[in-house]
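Trainee: Hi! Could you walk me through this one while we both have it on screen?
Mentor: Happy to, let's open it up.

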Amino acid sequence: MNSLEDKVAIVTGGTGGIGKGVALRLAGRGATVVLNGRDERKAEAVLAEIRRLGGTGSFIAGDVRSKSDMDEVAAEAARRFGGVDIVVPNAGGNDDEARSPAVRGPFSDIDLDRVTAFIGQAVAAKLLVVQAAVPYMRERGGGSVVFVTSEGGRVPTPGQTAIATFSGGVIMASKVLSKELARNRIRVNCVCVTVVRDSPSWEAAFQREGGVSDHHRKQYEKIVERSPLGVAAPQDIGDVVTFLASDDAQYLTGAVVSPTGGLTIH
């Protein structure tokens, strides 16, 4: 496989869950990984693992919903390491709100003011970091963006009006960007996930009392039961993201990939 040495990658939400899995896989292939998040203590634990892999990493704090924060994250990554080559918009922006019964539940019961506010913030959480990083990728002669979002944007699921609207929008935006940015040799792809072990959503559903509604938990239980290849862990998702970010996928752009263990087939 092609090495990612001399590549600089920004991973939002890189201090835990799927983002941590992505960061470790990118570092394992030689990339310098910039973790973005809000908890420096959590970041230090991930950076220690990156160092054990022989890799290089750094932490830059910032709220993915803030344009000024994301502009600063991209600029600081370029200052520290000379540029930006890979961007993985992974963080959701407000996971607790996504799990609230007022946002996730039967359409007749949800609070549409909260739903539409959540959708706007969640979309911003994915797009702002890309917009901030594009000038630095252009300077490098190209790059790769790999969105991580929900399979709910591809498969209609009862109770997921908010997730479907947000994630479906991100999927289509990734396709638009793949066309717009191809002239700059910036590839844009999308990875859609369902239940992932050892992630905040998994912990909320199975390890934290009252973390999700009973309906939400039962949906997760069905997913676990019905995934013929099993449920992925964060580094399994990281393998897919790393492939798409690398030159192994140099002719792939505008693709949407669903590593759901056979639960969904497209």
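**Salt bridges, a helix and a strand**

Mentor: Let's start with a pair: Asp-63 and Arg-65 form a salt bridge through their side chains, at 3.1 Å from N to O. By salt bridge I mean a side-chain nitrogen of Lys or Arg within 4 Å of a carboxyl oxygen of Asp or Glu. Keep in mind that this is a predicted model, where local features need pLDDT of at least 70, side-chain atom pairs count only at pLDDT 80 or more, and totals for chains, interfaces and linings use all residues. Residues are numbered from 1 along each chain as its sequence is written, and side-chain values use heavy atoms, with hydrogens and water left out.

Trainee: How many salt bridges does the count come to by this rule?
Mentor: The count is 12 salt bridges.

Trainee: Which residue does Asp-85 meet in a salt bridge?
Mentor: That is Arg-140, at 2.8 Å from N to O. The pair links distant parts of the chain, 55 residues apart: Asp-85 is in the loop between α3 (67–81) and β4 (86–88), and Arg-140 is in the loop between α5 (112–139) and β5 (143–150). Helices (H or I, at least four residues) and strands (E, at least two) are DSSP runs, numbered from the N terminus. Asp-85 is buried at 6% relative accessible area, while Arg-140 is partly exposed at 33%.

Trainee: And what does Arg-29 pair with?
Mentor: Arg-29 has a salt bridge to Asp-248, with the closest N and O atoms 2.9 Å apart. These two are 219 residues apart and again link distant parts of the chain, with Arg-29 in the loop between α1 (17–28) and β2 (32–37) and Asp-248 in the loop between α9 (234–245) and β7 (256–257). Arg-29 counts as buried because its relative accessibility is 16%, whereas Asp-248, at 30%, is partly exposed.

Trainee: New topic: which residues of α9 are buried?
Mentor: They are Pro-234, Ile-237, Gly-238, Val-241, Thr-242, Leu-244 and Ala-245. They sit on the same side of α9, because they cover an arc of only 160° around the axis; the arc is that of the directions from the helix axis to the C-beta atoms.

Trainee: What covers them?
Mentor: The cover includes α1, β4, β5, β6 (186–193) and β7.

Trainee: How many residues of β5 are buried?
Mentor: Eight of the eight, so β5 is largely enclosed by the rest of the structure.

Trainee: How does β5 pair with β6?
Mentor: The two strands are parallel, over eight bridges, and Val-148 has Val-191 in β6 as its bridge partner. Strands pair if DSSP finds at least two bridges between them. β4 also runs parallel to β5, joined by two bridges, with Val-145 in β5 as the bridge partner of Val-87.

Trainee: One last thing, what is Ala-23 in contact with, leaving aside its neighbours within four places in sequence?
Mentor: Val-11, Gly-14, Val-33 and Leu-35, where contact means heavy atoms within 4.5 Å. Ala-23 lies in helix α1 and is buried, with a relative accessibility of 0%.

Note on methods: Buried means under 20% relative accessible area, exposed over 50%, partly exposed in between (1.4 Å probe, protein chains only).
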